[in-house]
Amino acid sequence: EEGYLIDSIQSPTKQRNCGQLKFKAEDIISCKEISEILQEISENSKFVNWQNMLFDRRTGTIDHADTWYLDTKPRGEMIAAWISLEDIKESAGRFFVYPKSHKLTIPENSNKKFKDNYLYADFMQKFIKDNNLKKFAPELRKGDVLFWHPFTIHGSLSQRNYKYSRKSLTAHYHPV
């Protein structure tokens, strides 16, 4: 109704039919400032963008840690970034993290114990409660970037007011 995309665009940098959107997304996720910060917070000097997504509107994302879906071998060397393309209103469904959750041992799903997202979501809710973690949804403004470790539990709040968009990019990087 408001003209926003409900679903994210998976890897807009790989979409040949996105025109200028593809090139703008590439410019943002590979900019000098992000590259410098990746080097500063890691022991690595070069990174490759593994996967990215463009969000226009958000309906909420369950609490999760990226290591269950994508990570390096050995685990824990990937770095993700959430890039705000506009000032994000609280009622637009802000991105959130559970501070210090990256310091906890989240077991690898190597035995495929969790066969679907519902079982994983149940596990994650119990893990958050058992570790007394607190959700933090910072106010992010256009140009702000939030970086996180693949063990960091995060997600996005449900949108409460659909007249607002939540234009943002996520990018997941792995060292070369």
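Select Phe95 first: in this predicted model, Phe95 stands opposite Ser156 of strand E7. E5 and E7, the latter covering residues 153–156, run antiparallel and are joined by three bridges.

**The three-stranded sheet**

The three strands together form an open sheet in the order E3-E7-E5, with antiparallel pairing. E3 (61–65) and E5 (95–97) stand at the edges with a single partner strand each, so one side of each has no neighbour in the sheet. Averaged over the sheet and with direction ignored, neighbouring strands are turned by 20° against each other.

Next, show the side chains of E7. In a regular strand, side chains alternate between the two faces of the sheet. Ile153 and Gly155 point one way from E7, while His154 and Ser156 point the other way. Which are these four residues, buried or exposed? All of them are buried.

H3 lies across E3 and E7 and runs at about 70° to E3.

**Aromatic rings**

Select Trp68 and Tyr120. Their ring centres are 4.5 Å apart and their planes stand at 45°, so this pair is tilted. The pair links distant parts of the chain, as Trp68 belongs to the loop between E3 and strand E4 (79–84) and Tyr120 to helix H3, 52 residues apart. Trp68 and Tyr120 are both buried.

Phe95 in strand E5 and Trp148 in strand E6 (residues 145–148) are 53 residues apart, and their pair links distant parts of the chain. Both residues are buried.

To see an aromatic cluster, select Trp68, Tyr69, Tyr120, Phe123 and Phe127 together; these residues form one such group.

**Charges over rings**

Lys135 lies over the face of Phe96, at 4.3 Å from the ring centre. Then select Phe55 and Arg166. The charged end of Arg166 sits over the ring of Phe55, 5.3 Å from its centre.

**The five-stranded sheet**

Now display the other strands. Five of them form an open sheet in the order E1-E2-E8-E4-E6, and the pairing is antiparallel. Which strands stand at the edges? They are E1 (9–10) and E6, each with a single partner strand, so one side of each is left without a neighbour in the sheet.

E1 and E2 pair in the antiparallel sense over two bridges. Within that pairing, Ile9 stands opposite Leu54 in E2.

Helix H1, residues 20–29, lies across E1, E2, E4 and strand E8 (168–175), running at about 55° to E8. Helix H2, residues 32–40, lies across E2, E4, E6 and E8, and its direction is at about 30° to E6.

**The cysteines**

How many disulfides are counted? The count is zero. A disulfide is a covalent bond between the sulfur atoms of two cysteines, and the cut-off applied here is a sulfur separation within 2.5 Å. The cysteine sulfur closest to that of Cys18 belongs to Cys31 and is 19 Å away, too far for a bond. Taken from the other end, Cys31 likewise has its closest cysteine sulfur in Cys18, at 19 Å. Cys18 has 22% relative accessibility and therefore counts as partly exposed. Cys31, with a relative accessible area of 22%, is partly exposed as well.

Notes: Residues are numbered from 1 along each chain as its sequence is written. This is a predicted model: local features need pLDDT of at least 70, side-chain atom pairs count only at pLDDT 80 or more; totals for chains, interfaces and linings use all residues. Side-chain values use heavy atoms; hydrogens and water are left out. Two strands pair if DSSP finds at least two bridges between them. Axes are lines fitted to C-alpha atoms, for helices over the stretch in contact, and angles run from 0 to 180 degrees between N-to-C directions. Contact means heavy atoms within 4.5 Å. Buried means under 20% relative accessible area, exposed over 50%, partly exposed in between (1.4 Å probe, protein chains only). Rings of Phe, Tyr and Trp (its six-membered ring) pair if their centres lie within 6.5 Å; planes under 30 degrees apart count as stacked, over 60 as edge-to-face and the rest as tilted. A charge sits over a ring if NZ of Lys or CZ of Arg is within 6 Å of the ring centre and within 35 degrees of the ring normal.
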